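Subject: Structure handover

Hello,

The structure is below, followed by notes on what turned up. Please look it over before you set anything up.

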Amino acid sequence: MSRKNIKNQASQNFYMLHKALFINEKYKKLSDSAKVTYAILNDRVSLSIKNNWVDDENAIYFIYTNQNLEDILNLSKPKFVKIKKELVSAYLLQQKRLGLN
């Protein structure tokens, strides 16, 4: 990463970590890895809106393979499965299997 200056700052992209993940009692106990994973997943929502990916109940959905997320996060499959279970238990993620994988 280069040093911050006015020219390069405007072109940088960031994942947003919601404050609620740190101050809401419901989410405080989530691991840092689960919070970062949520931020990465949440970032995909804008693409879903752009592509009108909504279901019959107008809920926004996004498509991310487990392998893609494991690669982005540099995690093993067992560690990633544990993180997903954390997010599901906290009602921050609902999954639907598509295809064979």
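Buried here means under 20% relative accessible area, exposed over 50%, and partly exposed in between (1.4 Å probe, protein chains only). By that cut-off, 25% of the 101 residues of the protein chain are buried.

This is a predicted model: local features need pLDDT of at least 70, side-chain atom pairs count only at pLDDT 80 or more, and totals for chains, interfaces and linings use all residues. Residues are numbered from 1 along each chain as its sequence is written, and side-chain values use heavy atoms, with hydrogens and water left out.

Confidence: pLDDT is the predictor's confidence in each residue, from 0 to 100. The chain's mean is 87, and 85% of its residues reach 70 or more. Helix 6 (residues 77-89) has the highest confidence, at a mean of 96, and helix 1 (residues 6-9) the lowest, at 64. Where pLDDT is low, the predicted coordinates should not be read in detail.

Fold: the protein chain has 6 helices and 0 strands. Helices (H or I, at least four residues) and strands (E, at least two) are DSSP runs, numbered from the N terminus.

Lysine 35 is buried yet has no salt bridge. A salt bridge needs a side-chain nitrogen of Lys or Arg within 4 Å of a carboxyl oxygen of Asp or Glu. The nearest side chain of opposite charge, aspartate 32, is 4.6 Å away. Lys and Arg count as positive, Asp and Glu as negative; His and the chain ends are not counted.

What does lysine 35 touch, leaving aside neighbours within four places in sequence? Its contacts (heavy atoms within 4.5 Å) are Leu17, Leu21, Phe22, Tyr27, Lys28 and Leu30.

Best regards
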